Amino acid sequence: MRLTVVGCSGSMSGPASAASCYLVQADGPDAEGRTRTWSVVLDLGPGAMGALMNHVDPAAVDVLALSHLHADHMVDIIGMQVYRRWHPDGALDPLPVHAPAGALERVRGVGGDPAEEDYAGQFRFLEHAPGRVVQVGPMRLQVFPVRHPVPAYGIRVTGPSDRGAGEVSLAYTGDTDSCDGLVDLARDADLLLSEAAFQEGRDTVRGIHLTGRRAGEVAAAAGVRRLVLTHLQPWTDPEVVRAEAHEVYAGPVDLAAPGATWTL
């Protein structure tokens, strides 16, 4: 299983990166038993649709999963809709979109289309359900409620190891502050992709985002093998946030960057 960072800028697109978008891929058999690459996209924030094209043909994406419906995590779904509806080779099949309740209404509001536009030709909206397992080729997706001003979910992806037999797991926090659901999401994960939009001593409001330290505390409590910090805002020094995580977590701490990949 492979993780590619498409966009990692926090709360907005930045000078060096699109906003939140992550590509998770694994090779496995299709319905006819032929091996192919399966692709899951986690979030699709501002600027992410264009950046995604550097890594995968959007027509080859199997599932889009949205952690929550804030604009910085989902507005480029309109670009995906245009791509699928007006593709020169003909309209593409509807893409499954796993998202919190109200996703269709949210997307309709962003797109500005008339009330009769239901996007059924381009998307098949499926509401997140904690405890349900979603199978995408050789990968399994599960969601965990987390703490944010709107309904939000962390997403755990389990799939085949690229290093031999067995399975590996990736846990993506979406946007959240510390909560019990985060530890459940991340427990024993091979990689925790954690937002860290806030900085200790600077951002004191609670219930919105993690700091590097709070991300490190989750990683330590859950026993994850590697922590990758993401969703850092353009005004934040990434090394300050990484140092916060290192104070409480003894494992490796990486910083997300556009195009960066991890093989699990």
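Student: Which residues touch the most other members of the largest nonpolar core?

Tutor: Keep in mind that this is a predicted model. Nonpolar side chains in soluble globular proteins tend to be buried together. Here the largest nonpolar core has 29 residues, and a second, separate core of 26 residues includes V41, A51, L66 and A99. Back in the largest core, the two members touching the most others are M1 and L141.

Student: Okay, on to the sheet: which strands stand at its edges?

Tutor: Seven strands make an open sheet with mixed pairing, in the order β6-β5-β4-β3-β2-β1-β14. An edge strand has a single partner, so one of its sides is left without a neighbour in the sheet.

Student: What is the bridge partner of T4 in β14?

Tutor: Strands of a sheet pair through backbone hydrogen bonds, either parallel or antiparallel. Strand β1, residues 2-7, runs antiparallel to β14, and three bridges join them. For T4, the partner in β14 is T261.

Student: Something packs over the other end, I think. At about what angle does helix α2 run to β6?

Tutor: Helix α2 covers residues 77-85 and lies across β4 (63-65), β5 (95-99) and β6. Angles here run from 0 to 180 degrees between N-to-C directions. For α2 against β6, the value is about 140°.

Student: Now α5: which elements do its buried residues pack against?

Tutor: Helix α5 spans residues 212-222, and its buried residues are G212, R214, A215, G216, V218, A219 and A222. An α-helix has 3.6 residues a turn, so residues three or four places apart point the same way. As for the neighbours, the buried residues of α5 pack against α4 (180-186), β11 (191-195), β12 (227-230) and α6 (238-246).

Student: D188 isn't a glycine but has a positive phi. Is D188 buried, partly exposed or exposed?

Tutor: D188 sits in the loop between α4 and β11, with phi at about 60°. Its relative accessible area is 45%, and the class between 20% and 50% is the one we need. That makes D188 partly exposed.

Student: And H231, what is its relative accessible area?

Tutor: H231 is another non-glycine residue with a positive phi, near 60°. H231 lies in the loop between β12 and α6. This residue is buried, and its relative accessible area is 1%.

How values were computed:
Residues numbered from 1 in each chain as written. Predicted model: local features only at pLDDT ≥ 70, side-chain atom pairs only at ≥ 80, totals over all residues. Heavy atoms only, no water. Buried < 20%, exposed > 50% of the residue type's maximum accessible area, 1.4 Å probe, protein only. Helix = DSSP H or I, 4+ residues; strand = E, 2+ residues; numbered from the N terminus. Contact = heavy atoms within 4.5 Å. Core = buried A, V, L, I, M, F, W, Y, C linked by side-chain atoms within 4.5 Å. Pairing = 2+ DSSP bridges.
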